[in-house]
Amino acid sequence: MSDHGHSTATADSHDGHAEGDFAHPLPLPLLFGVFGALVFLTIVTVAQANYDLGSFDIAVVMLIATIKAVLVGLFFMHLAFDKPFNLIVFLSSFVFVALFVIITLSDANMNSGSFEDNPNDAPPAAAAEM
């Protein structure tokens, strides 16, 4: 048999993947634990819909959704074991989404009175002609 100039250890380590550039294998109990936490948080989200928390409804639901998204990102997308730059990009996207949601909600709260129907207003002219 020919040697082709390299050993089997070298051939096995250069099969198209760089050293350390693979998905981190996670133990099944950890994955099932994360799955259980996601199911529990989903049940909490559905149960929360039965309670009126006033203006805190959106904040509570967004907090639960953020926790679920972080769990999925860290363990199922393997961001907990990936390069730190990928985690920074992922978390910064949450910061920008939170900013956009906060700005939108604050604008909607400031202008919500102007969108309500006023019974004293006359009907539009187009509706009166029909």
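I began at the contact (heavy atoms within 4.5 Å) where Ile58, Met62, Thr66, Ala69, Gly73 and Leu74 of helix 3 meet Leu87, Phe90, Phe94, Val101 and Leu105 of helix 4. I sorted these residues: nine are nonpolar, two polar and none charged. (Ala, Val, Leu, Ile, Met, Phe, Trp, Tyr, Cys and Pro count as nonpolar, Asp, Glu, Lys and Arg as charged, and the others, Gly among them, as polar.)

I noted the ground rules. This is a predicted model, where local features need pLDDT of at least 70, side-chain atom pairs count only at pLDDT 80 or more, and totals for chains, interfaces and linings use all residues. Residues are numbered from 1 along each chain as its sequence is written, and side-chain values use heavy atoms, without hydrogens and water.

Next I checked the geometry. The axes of helix 3 (residues 57-76) and helix 4 (residues 84-111) come within 12 Å and cross at roughly 165 degrees. The two are therefore roughly antiparallel (angles over 145 degrees).

I turned to helix 2. Its axis and that of helix 3 come within 10 Å, crossing at roughly 165 degrees. That makes helix 2 roughly antiparallel to helix 3. Residues of helix 2 in this contact include Leu30, Phe35 and Leu41; those of helix 3 include Val60, Ile64 and Phe75. I found 16 nonpolar, three polar and two charged residues there.

Last, I looked at confidence. The chain averages a pLDDT (the predictor's confidence in each residue, from 0 to 100) of 78. Helix 2 (residues 28-48) has the highest mean, 95, and helix 1 (residues 8-13) the lowest, 48. Over residues 9-17 pLDDT stays under 50. Where pLDDT is low, the predicted coordinates should not be read in detail.

Key. Helices (H or I, at least four residues) and strands (E, at least two) are DSSP runs, numbered from the N terminus. Axes are lines fitted to C-alpha atoms, for helices over the stretch in contact, and angles run from 0 to 180 degrees between N-to-C directions. Angles under 35 degrees count as roughly parallel, over 145 as roughly antiparallel, 65 to 115 as roughly perpendicular and the rest as oblique.
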